[in-house]
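I opened the notebook today to look at a sheet, its helices and the nonpolar cores. Here is what I looked up, in order.

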Amino acid sequence: MAEIDALPFPFAFKPEAVALVVIDMQRDFAEPGGFGASLGNDVSRVVAIVPTVKRLIEGFRAAGLPVIHTMECHRSDLSDLPPAKRNRGNPSIRIGDVGPMGRVLIVGEPGTAILDELAPLPGEIVIEKPGKGAFYATSFGEDLKRLGVQQLVFAGVTTEVCVQTTMREANDRGYECLLAEDATESYFPEFKAAALAMIRAQGAIVGWTAMTDQVLKGIADA
C-alpha cells in the first residue's frame with residue numbers, strides 16, 4: 001500500500017478504492033460579475049488555484065482514477081431552495097435572481113457552470129447539490145458505493161463551507177478523506193487556515209491534508 005506524505009501523519013493510499021471530488025469550481029464563485037463577487041468577495045483567490053486543481057484532475061485521469069465534480073445549484077422553480085437560504089443577509093442579488101451570467105445558481109444557467117478549464121469529461125459524475133454538503137438530496141452516496149470507493153481526495157471551494165461540510169459528511173459515513181491544501185481556497189485566508197487545522201486536529205478527526213505534489217507522488221508510487 002502506498003503512502004501520501006500528509007498531515008497529521010502519512011495517509012495510507014488505496015489506489016483501487018479512491019476518487020477525487022472537486023467541489024463547486026463554478027463561474028459564479030470564481031469570475032468577476034458572479035455571485036461570489038456580488039457578495040463583496042475577492043474571487044482572484046479562487047482563480048489562483050485553477051491550474052493546481054487542473055493538474056490534480058489530470059493526474060487522477062491519467063491514472064484511471066474516478067473524478068467527481070459537484071455544482072451548487074437549484075431548480076428553476078426554486079422548489080429546492082429554502083427561504084432561509086435565499087433571504088439571508090442583504091445581498092445586492094439573491095439566488096434565483098437574474099445576474100450578469102444568468103439566474104444565480106440555477107441549473108443550466110451560464111454562471112452555474114463549472115469553469116471551462118476544469119470541465120468534466122463525458123462519463124465523469126457531476127453532482128448537482130442544493131446544499132453545502134454533497135450528500136444532501138443527491139445521488140452522491142449511491143455513486144460512491146457503486147464505484148467501490150473507500151477514500152476521497154478533495155479539492156475546490158470554499159474550504160470552510162462546502163468542502164469541509166462534505167468532508168465531515170463523508171467522515172461520518174466511514175470514508176477516509178484527504179484535502180489537497182493548495183487545490184482548495186476560501187475568500188478569507190484565515191477561514192481556510194482554521195478549516196485546515198480543524199480537519200486534521202486530534203489525529204485527523206475529519207481527515208488529512210497534503211499538497212498536490214504529494215498527492216500526485218502517492219498516485220505515481222502506487
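My entries on the model follow.

I am working with a predicted model, where local features need pLDDT of at least 70, side-chain atom pairs count only at pLDDT 80 or more, and totals for chains, interfaces and linings use all residues. Residues are numbered from 1 along each chain as its sequence is written, and side-chain values use heavy atoms, with hydrogens and water left out.

**Sheet.** I found six strands in an open sheet, ordered S7-S4-S3-S8-S9-S10, with parallel pairing (strands are DSSP runs of E, at least two residues; helices are runs of H or I, at least four; both are numbered from the N terminus; two strands pair if DSSP finds at least two bridges between them). The edges are S7 (125-129) and S10 (208-210), each pairing on one side only. I then checked S9 (residues 176-185), which pairs with S10 over three bridges in the parallel sense. Leu179 has Thr209 in S10 as its bridge partner.

**Cores.** I looked for nonpolar cores (buried Ala, Val, Leu, Ile, Met, Phe, Trp, Tyr and Cys residues joined through side-chain atoms within 4.5 Å; buried means under 20% relative accessible area, 1.4 Å probe, protein chains only). The largest has 45 residues, and Met25, Leu56, Phe60, Leu178 and Val215 have the most contacts inside it. Helix H4 (residues 50-62) gives the largest share, five residues. Not counting residues up to four places away in sequence, Val215 touches Ile4, Leu56, Phe60, Val153, Leu178 and Ala210 (contact means heavy atoms within 4.5 Å). Apart from this core I noted another, of 23 residues, including Ile68, Phe135, Leu152 and Cys162.

How values were computed. Buried means under 20% relative accessible area, exposed over 50%, partly exposed in between (1.4 Å probe, protein chains only).
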